[in-house]
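Hi,

Here is the structure I promised to pass on. Have a look at it first, then read my notes below.

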Amino acid sequence: PRLLTIIGNLLFHRFEDSGNIADLELAIKNLEYAVQLTPEGHEDLPHILSHFGVVLINRFKRLKKKEDIEQAIIYLWRSVKLTKDGDSSKTHRLIDLAHTFFTRFTHFGEPEDNRNAALYYGLAEQVTPHGHVDKPSFLAKLEHPFSTPLEHVEVTDIDQDIAIHERTLQLTPAGHPEMPTRLKILGDLSFRRFERLGETVDIDRAILNHDRAVKLTPIGHPERLKYLGNLGTSHLARFQRLEERQDIDQAVSNHMYTVQSLPDGHPDKPDWHTALGVSYLRRFEHFGAFADIQKAIANHHCAIGLVPVGHPNMLRYLSHLGSAFLARFHCLRYHADIEQAIVCHQHAAQFTPDDHPTRAGRLANLANSLSIRFSVTGNGADMFQAVMTFRWSSLSPNGPPSIRFDSAIQGARLAHQNCCNISSNMITLAYKTAFKLLPRMAWFGLSIDSRHHELFAARSLACDAVAAAIFLKNHRKALGWFELGRSIVWGQILQFQNPVKKLHAQNPLLAKNLMQVAVELGRDGADNIFYTGSKSDPLEPAAPKHPQLASKWAILVEEVRNLPGFDRFLLPKDDCELLNAARDGPVVVLNISKHACDALVIKSPSMVEYVSLHNFSYEKAQQLRDSVRAILSHRGLRDRYNGRHAEPVLPDGSNGDDAFRPILAELWNSVVVPVVLCLKSTLLTTMKDCVHIRWCPTGPLVFLPIHAAGIYNADGTSTACISDLAVSSYAPSLTALLNSFQPAVTKRPSFKILAVIQPNKSGRLSSLPGTVEELKRIQHHTSSIQKLEGPEATVEGVLTGMEECSWVHLACHGVQDMSRPMESGLLLHDRRLKLSDIIQKPLPNKDFAFLSACQTATGDHNRPEEAVHLAAGMLLAGYRGVVATMWCIRDEDAPLVTDSLYGYLLKDGQPSGVNPAAALHIAIRKLRERIGFEKFSSWVPFIYMG
């Protein structure tokens with residue numbers, strides 16, 4: 001047996017050098033015979049079993065026969081079991097067994113293999129003594145599985161692996177020959193975690209580690225080209241996230257060098273041709289150089305030509321070639337290109353197993369190609385087949401959630417656009433699937449910034465789904481879908497503020513565990529639910545705790561929902577609950593979709609009516625939004641640093657406010673009048689008290705002043721306007737409105753206003769002398785004030801004061817950060833009080849906030865349905881209502897509004913019980929009378945939310 005084992009190993013080594021499969025087959029025969037001849041209990045048996053298992057796994061990698069990997073696991077497991085503790089070979093055998101489980105997992109996707117691999121990797125580390133000369137080498141081999149679909153992924157596997165490899169690098173001295181390999185492994189793991197979680201810090205870390213591996217490896221070293229290619233692939237991934245030109249150019253350069261340097265016949269050359277082709281394609285898609293798409297197609301053809309028919313990577317190469325043909329079709333409109341794309345994608349999808357992770361993407365590519373051909377030829381069969389193929393993609397069990405979600409949306413839109421030729425049931429099913437996948441796009445394990453990034457793909461889902469439900473005459477379903485697609489991240493954070501008293505009464509232990517995880521997820525620090533995703537040093541070890549907690553949270557919530565009476569625990573409110581938003585007055589959902597523009601008017605908790613906005617359109621809403629932005633830019637009302645000190649910029653001496661008149665008239669005629677007609681009876685019966693309408697706008701309408709809509713004359717007087725008929729306020733969602741319905745407290749002994757005043761100039765910022773006047777006006781109405789002025793107004797001081805006071809008045813500069821909305825905030829003495837600071841400071845049962853600053857209700861134009869602004873953040877933190885601003889306000893206007901507003905809200909220094917929305921309504925009317933109705937830029941930005 002010993003001689004047979006030696007011969008088998010020599011044959012195997014010759015196979016590794018030559019690639020001759022005959023040597024591998026002879027090696028297996030010799031080792032199998034050696035196993036048969038070795039009796040149980042013989043001291044050589046573990047050694048022989050180990051070698052036989054390793055050779056079998058190598059044949060599996062070459063021929064992909066499942067029985068080889070099954071046998072390899074059996075023999076390696078026997079080898080481990082027969083190896084005594086303390087034997088120096090045990091670590092190597094545990095690693096071989098773990099790697100074999102990992103290999104089977106990556107090919108067949110069984111979660112149990114994932115767990116077994118992690119188990120045996122962990123055991124391998126444990127049996128290796130600390131300080132052992134080979135421990136860094138052993139640690140470097142602990143590559144945990146990371147290919148599970150996101151809905152099943154144990155993110156902790158990747159986190160633990162990264163931690164292990166970071167320890168490995170710390171133990172590896174400078175100049176060690178294994179340093180480049182270990183840097184490459186750490187780069188690969190960071191890249192995989194970026195693929196799973198989308199955190200930019202991970203792809204930055206991957207690029208830095210791959211770059212270090214390249215620089216430490218001499219030119220001519222056989223591994224250097226692989227390191228260089230991996231660096232290019234990481235740059236490509238970062239380009240697809242950040243779209244910076246230098247990344248895609250670097251990806252093309254690295255991949256081209258790798259392809260040109262590899263000799264003909266090298267087994268990796270087809271893969272790198274494909275990588276180069278993808279890089280060229282991405283650069284063409286973003287920058288349009290025709291030479292790039294030609295090179296992309298040429299490289300994909302090269303990859304296919306270098307492998308035989310039936311090669312395991314052939315389907316991947318075909319899929320990429322199909323995408324390149326489709327891109328060229330968009331450019332040249334050659335019919336042959338779309339036909340070629342469909343042929344490639346059909347072949348790739350047809351021969352991909354149903355449970356394979358890539359099937360969802362290949363079906364999506366096919367569906368997209370069929371949809372494009374339908375748009376050219378009008379062939380209904382293509383349309384129907386595209387809708388069905390999108391659906392199959394969205395239902396693929398192991399596909400990435402982002403691809404499945406995109407397929408669900410694409411299928412729903414295509415079905416909706418062709419609703420006359422397709423069943424209503426298919427439209428409904430497509431949107432249902434998209435909403436089901438939506439929480440996976442904004443998974444708890446991601447930072448808030450990453451969740452918002454992922455939700456960019458869903459920015460019109462709610463509006464389109466509502467339009468479809470209205471078309472199908474299911475108005476309650478429309479309200480439910482409206483709520484499911486709005487303020488998704490806000491809704492998730494609210495889950496950590498949800499009371500669990502009922503659960504505690506039935507199952508105290510489960511309630512305690514749930515709240516413990518909630519508290520840990522809500523703690524301060526870089527790894528909590530409020531983490532925005534940025535770190536100063538991309539090489540700094542990442543804290544893995546948050547993804548673990550997110551997974552644990554999901555398990556506990558599911559356990560709660562299995563209890564009797566808790567089946568809807570922390571789930572969105574149902575239709576009947578949503579209708580309760582109208583218990584204090586009508587609520588109007590304004591749905592602006594490319595399919596249709598409609599209004600759903602909730603008149604009472606038992607009545608919802610549909611109103612068609614047939615004279616309005618998505619394109620018109622965009623034009624009006626862009627016109628307002630142009631006016632504000634022209635007048636200096638969007639300047640980040642002028643803020644409340646903004647002044648008009650009118651070289652010709654004309655009245656710049658005139659430009660608002662046609663915009664407000666269009667909103668009145670096309671949006672408000674149809675709603676007013678629907679509410680005619682309500683308005684007539686409550687004229688004395690002035691009915692309170694709560695508006696829930698969507699899409700571009702979120703950025704338009706519906707509360708100021710009307711027909712205004714040249715002198716500013718109004719012929720007709722909504723403010724003459726009703727008090728208007730806004731709500732980011734129906735759930736936010738319901739959460740703000742707390743019993744009004746007319747008087748309380750502990751009433752106090754926190755007044756934060758920042759009058760002095762700092763850096764590029766203008767002085768705000770009007771804030772001092774605001775403080776005087778507040779003091780005129782009450783002495784119950786906690787004042788923080790100038791240097792006292794620090795972030796810590798303000799947050800502490802907000803805990804102690806039920807009202808807050810913040811008079812300072814405000815900034816809306818369009819690139820990173822969670823960084824938007826109020827500029828205090830020491831730093832910015834960011835939106836992320838506010839939402840991680842739960843302030844339950846707070847009454848009222850006045851954000852006397854600029855752009856506090858502006859939001860993110862790319863994600864209008866998420867309401868990512870300070871006013872929404874204050875509602876989320878626990879305030880019942882918030883006065884905020886749609887754009888920059890002038891320093892001299894704020895004191896006038898402050899004086900009038902608090903004059904109605906306070907009586908004898910205490911809350912009067914007057915509705916803040918009504919108080920603001922009257923205060924703005926007084927401001928108009930003082931400064932002139934025609935000065936729209938001064939009085940229009942003030943709004944009330946809640």
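Let's start with the surroundings of Arg-694. This is a predicted model, so keep that in mind as you read. If you skip the residues within four places in sequence, Arg-694 is in contact with a run of residues, Asp-584, Gly-585, Pro-586, Val-587 and Val-588, and also with Ser-729, Leu-737, Phe-741, Asn-915 and Gly-946. You'll find Arg-694 itself in strand E4, which covers residues 691-697.

Next, have a look at Thr-389, which sits in helix H18 (residues 380-394). Is Thr-389 buried or exposed? Its relative accessible area is 0%, so it counts as buried. Leaving out residues up to four places away in sequence, Thr-389 touches Leu-363, Leu-366, Ala-367 and Leu-370. The side chain of Thr-389 also reaches back to the backbone oxygen of Gln-385, at 2.6 Å. Ser-407 is 18 residues away from Thr-389 along the chain, and their C-alpha atoms are separated by 8.6 Å.

Compare that with Ser-424 in helix H20, which spans residues 424-441. Ser-424 has a relative accessible area of 41%, so this one is partly exposed. From Ser-424 to Ala-468 you count 44 residues in sequence, but in space the two are 9.1 Å apart, C-alpha to C-alpha.

Last stop: a sheet. Strands of a sheet pair through backbone hydrogen bonds, and they can do so in a parallel or an antiparallel way. Here, three strands make an open sheet in the order E11-E12-E13, with antiparallel pairing.

If you zoom in on E11 and E12 (residues 825-827), you'll see three bridges joining the two strands. One to look for is at Gly-814, whose bridge partner in E12 is Leu-826.

How values were computed
Residues are numbered from 1 along each chain as its sequence is written. This is a predicted model: local features need pLDDT of at least 70, side-chain atom pairs count only at pLDDT 80 or more; totals for chains, interfaces and linings use all residues. Side-chain values use heavy atoms; hydrogens and water are left out. Helices (H or I, at least four residues) and strands (E, at least two) are DSSP runs, numbered from the N terminus. Contact means heavy atoms within 4.5 Å. Two strands pair if DSSP finds at least two bridges between them. Buried means under 20% relative accessible area, exposed over 50%, partly exposed in between (1.4 Å probe, protein chains only). A polar contact is a pair of N or O atoms within 3.5 Å; within protein, one must be able to donate a hydrogen and the other to accept it, and residues adjacent in sequence count only if both atoms are side-chain atoms.
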